[in-house]
Number of protein chains: 2
Amino acid sequence: MTENSALLTDMYQLTMLQGYYEQSMEELAVFEFFVRKLPKNRGYLVAAGLDQVLTYLEQLRFSPDEIEWLAGTRLFKPAVLDRLAAFRFTGEVHAMPEGTVFFPNEPILRITAPLPEAQLIESRLMNILHFQTLIASKAARSVLIAEDKLLVDFGMRRAHGSEAALLAARASYLAGFDGSATVSAGMSFGIPVYGTMAHSFVQTHSQESQAFVHFAEANPDNVVLLIDTYDTERAAQKVVDLVPSLQEQGIKIKGVRLDSGDLADHANKVRSILDRGGLQDTTIFASGNIDEYKLDDLITQKAPIDGFGIGTHLDTSADAPYLDCAYKLQEYAGIARRKRSEGKATWPGRKQVYRHYDDSGVMIFDTVTLADAPCSGQSLLQSVMQGGTVTAHRPGLIEIREYTRDQLHRLPVALRKLSDTPAYSVVIAAELQALANWVDEQNP
Amino acid sequence: MTENSALLTDMYQLTMLQGYYEQSMEELAVFEFFVRKLPKNRGYLVAAGLDQVLTYLEQLRFSPDEIEWLAGTRLFKPAVLDRLAAFRFTGEVHAMPEGTVFFPNEPILRITAPLPEAQLIESRLMNILHFQTLIASKAARSVLIAEDKLLVDFGMRRAHGSEAALLAARASYLAGFDGSATVSAGMSFGIPVYGTMAHSFVQTHSQESQAFVHFAEANPDNVVLLIDTYDTERAAQKVVDLVPSLQEQGIKIKGVRLDSGDLADHANKVRSILDRGGLQDTTIFASGNIDEYKLDDLITQKAPIDGFGIGTHLDTSADAPYLDCAYKLQEYAGIARRKRSEGKATWPGRKQVYRHYDDSGVMIFDTVTLADAPCSGQSLLQSVMQGGTVTAHRPGLIEIREYTRDQLHRLPVALRKLSDTPAYSVVIAAELQALANWVDEQNP
């Protein structure tokens with residue numbers, strides 16, 4: 001259901017390919033994807049999107065229609081169009097497993113492939129990895145402060161398009177959310193789907209109570225009633241009053257939902273009304289402009305809320321809607337490369353990241369060094385594709401989710417805070433420093 | 001190329017439909033899409049996305065696979081699944097033309113359809129209208145301060161997924177951008193596509209000059225050279241030095257691109273180098289973390305830059321990554337409705353927006369009133385779909401772009417500022433106030 005047209009790329013990839021093909025520059029190139037620096041209020045990031053990248057690389061083809069359209073631009077020579085028509089990705093991928101916690105300057109994915117192949121894929125590869133990593137990293141913040149609460153992605157309507165909605169559901173589930181309201185995320189990825197009712201359901205009935213009864217009868221196994229359309233506490237009392245008649249039909253009221261106003265205050269009042277009415281097992285679910293900061297506030301206040309629908313702020317990563325990430329050439333034809341553009345210099349060569357833990361399994365520091373340099377610690381980048389074919393075990397979403405949970409629990413406590421987190425130590429090994437100096441000497 | 005699965009919706013739409021079908025609640029419902037309030041630093045918004053909404057409504061079907069998947073959830077009764085399998089949108093749409101400038105509380109789209117139809121479409125309709133309106137509104141800000149510059153969307157890699165990349169190219173072009181780097185936007189929408197070269201092209205060559213020559217020979221009609229990989233001014237001199245040999249091949253250097261550092265300073269120095277070298281016609285194009293604030297700064301400084309690639313900040317609308325928008329029930333079975341949820345109360349009934357202009361054609365104020373109430377001014381909502389079929393002229397993207405340009409030029413000067421804009425006057429007519437009071441009296 002995600003989109004993998006070969007034209008989903010930047011035009012400069014194609015103009016560069018024209019140059020590479022003409023000059024027969026097709027030796028092996030190594031590119032790495034990494035984040036330059038963390039956005040404000042982020043202490044760590046969570047890698048996500050690898051599975052969609054691998055599918056993209058395996059399926060990447062120019063269709064006859066696409067070749068014809070490119071020919072119509074008159075920008076490309078016939079020999080280049082022939083090469084594009086036969087294009088396949090035949091390279092290698094090394095990557096951190098999805099769900100791995102990572103930090104700036106650490107490559108989370110490395111491509112080794114003939115130069116035109118490694119180049120062409122840049123735009124879509126970044127488009128996939130950037131977005132899911134952005135959302136998984138945002139979602140993890142809510143997960144860590146509300147692990148015993150039900151957390152549901154509610155963001156489809158304000159996600160940036162259809163694919164963003166679908167992949168935000170995936171990335172947030174991977175990071176520990178319990179599910180999504182987006183139905184297609186259930187069909188595409190097997191993510192648990194949650195749904196209740198909207199204000200319009202209440203408004204189309206002349207009596208709020210009647211709306212509740214109709215909804216309960218239509219969805220007897222999933223009775224979560226929205227109670228803030230007119231007056232929240234009066235609606236909670238109406239819910240209590242409905243219990244006897246619904247019980248006669250064998251219908252249980254699973255929960256109520258609040259969607260506006262002072263959520264903690266309403267939750268306290270509603271909890272009392274429900275408890276007094278014998279509905280101790282009926283849960284309170286809250287939504288409406290919630291992000292991890294509000295979540296933290298509600299939990300600190302001990303608001304009696306059992307679950308949260310988190311929408312816009314999650315699916316747009318509203319407080320940090322993009323990452324300063326890059327996909328950069330590190331080596332070509334066996335020679336390490338770097339750019340030195342002001343403020344954007346990169347570390348050259350093929351790299352590996354090693355992680356070091358304390359006795360209780362908490363991460364202490366990482367080392368970034370050359371892939372072939374000896375180093376202690378746990379190596380994080382693994383071989384996952386060779387010759388354009390996936391060679392490693394491809395974990396399912398539930399397996400990734402469990403791995404992510406383990407990763408998040410290995411974070412130092414100070415890094416789990418929502419703001420003012422200390423910097424995690426990422427050591428650049430002497431070998432890498434030396435290589436950077438050598439590369440600069442070659443291009444004075 | 002955009003995604004229109006019927007399961008691209010929130011689960012609650014389907015649980016509500018189950019209630020509506022069971023209760024035979026299928027009378028006409030009226031929903032309107034509007035923005036509640038402007039984000040910080042926005043004085044106006046630009047409506048966009050209608051064309052994709054109309055296609056969605058025309059094509060909306062549940063596929064047999066989707067019905068089967070829904071059956072497997074065991075949440076839906078067979079009679080409801082039969083209704084979904086036969087689902088078609090048969091309603092009416094009234095909307096402001098794409099490119100219309102609008103303000104809070106003004107509906108830009110109204111749906112009139114049997115209740116289940118008007119309800120089901122909510123999530124995807126919002127997902128489409130919200131995003132393109134967000135991006136068109138962001139793009140217009142750059143357009144108004146840099147109308148004589150070449151503006152190109154560079155944002156695909158950090159757009160939130162593939163559809164966001166494609167539709168950001170569309171929405172920014174509609175708002176006055178000159179084109180996009182995203183190739184599929186050219187094939188899908190006929191948007192002009194721009195592309196130059198990346199740093200990797202320079203890095204894969206042992207000499208920067210050689211990279212320039214290879215690129216120029218491969219793309220003789222599109223020679224825009226990236227000059228900041230190592231040292232910007234030295235690279236500019238290399239460009240000048242290449243002129244004689246390229247001229248012999250009939251190749252002209254169209255432009256150079258800057259992507260890092262102090263862009264104004266580099267542009268001044270590079271302009272001098274190019275001019276001294278006889279390259280007065282070679283343009284300077286700049287990119288790298290640009291948004292409308294930096295653009296304004298560069299233009300105020302009179303930096304000699306002819307065009308800009310604007311990427312991440314545009315495609316994510318980074319300073320305001322979402323709009324506080326809603327799609328709300330205004331009428332059901334002939335009776336006006338509203339919700340009163342705290343901070344989220346809506347104006348009931350079917351509405352029309354009338355715009356008033358001064359003698360020079362500049363907009364002065366708008367009136368929101370009932371659709372059947374008399375009012376002076378230009379009515380902005382037009383009938384575009386009846387019986388589920390588009391009935392109005394469907395303008396092409398270039399026509400929409402010209403209309404948008406006219407709209408933006410009718411904005412009061414004070415509203416064109418990037419921040420601290422005054423509020424535009426939107427008058428709520430007495431008829432609407434009276435109806436709201438009447439509705440509240442019905443639901444005390």
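Predicted model: local features only at pLDDT ≥ 70, side-chain atom pairs only at ≥ 80, totals over all residues.
Figure 1. Helix α3 (residues 64–72) of chain B and helix α4 (residues 78–85) of chain B are roughly antiparallel to each other, because their axes cross at roughly 160 degrees and angles over 145 degrees count as roughly antiparallel. The two axes come within 10 Å, and α3(B) passes α4(B) in a right-handed crossing. On the α3(B) side, the contact is formed by I67(B), L70(B) and A71(B), which meet L81(B), L84(B) and A85(B) of α4(B). By class, this contact has 6 nonpolar residues, with no polar and no charged residues.

**Figure 2. Packing of helices α6(B) and α7(B).** Helix α6 (residues 122–145) of chain B packs on helix α7 (residues 162–174) of chain B at an angle of about 45 degrees, and their axes are 8 Å apart. The pair α6(B) and α7(B) is therefore oblique. The crossing in which α6(B) passes α7(B) is right-handed. From α6(B), the residues F131(B), Q132(B), I135(B), A136(B) and A139(B) take part. Their partners in α7(B) are A164(B), L167(B), A168(B), R170(B), A171(B), S172(B) and L174(B). The contact of α6(B) with α7(B) comprises 9 nonpolar, 2 polar and 1 charged residues.

**Figure 3. Packing of helices α11(B) and α12(B).** The axes of helix α11 (residues 232–248) of chain B and helix α12 (residues 263–276) of chain B come within 9 Å and cross at roughly 25 degrees. Angles under 35 degrees count as roughly parallel, and α11(B) and α12(B) are therefore assigned to that class. Their crossing is right-handed. Helix α11(B) contributes T232(B), E233(B), A236(B), Q237(B) and V240(B) to the contact, and α12(B) contributes H266(B), K269(B), V270(B), I273(B) and L274(B). By class, the residues of this contact divide into 5 nonpolar, 3 polar and 2 charged.

**Figure 4. Domain 1 and domain 2 of chain A.** Domain 1 of chain A covers 11–136 + 320–442, and domain 2 of chain A covers 149–315. The C-alpha centres of these two domains lie 39 Å apart. Their contact takes 14 residues from domain 1 of chain A and 16 residues from domain 2 of chain A. On the side of domain 1 that touches domain 2, the elements giving two or more residues are α6 (122–145) and α15 (397–409) of chain A. The largest share of that side, 5 residues, comes from α15(A). By class, the residues on the domain 1 side are 8 nonpolar, 3 polar and 3 charged.

**Figure 5. The contact between chain A and chain B.** Chain A gives 83 residues to the contact, and chain B gives 83 residues. Helix α1 (residues 11–22) of chain A supplies the largest share of the side of chain A that touches chain B, namely 8 residues. That side of chain A has 35 nonpolar, 33 polar and 15 charged residues. Of the interface residues of chain A, 100% are also interface residues in chain B, so the copies meet through the same surface.

**Figure 6. Superposition of chain A on chain B.**

Key
Residues numbered from 1 in each chain as written. Chains lettered and ligands numbered in written order. Axes fitted to C-alpha atoms, helices over the stretch in contact; angles between N-to-C directions. Helix = DSSP H or I, 4+ residues; strand = E, 2+ residues; numbered from the N terminus. Parallel < 35°, antiparallel > 145°, perpendicular 65-115°, else oblique. Left-handed = near helix turned anticlockwise from the far one by under 90°. Contact = placed C-beta atoms within 7 Å. Nonpolar A, V, L, I, M, F, W, Y, C, P; charged D, E, K, R; others polar. Domains from an automatic or database assignment. Least-squares fit on C-alpha atoms with pLDDT ≥ 70 in both.
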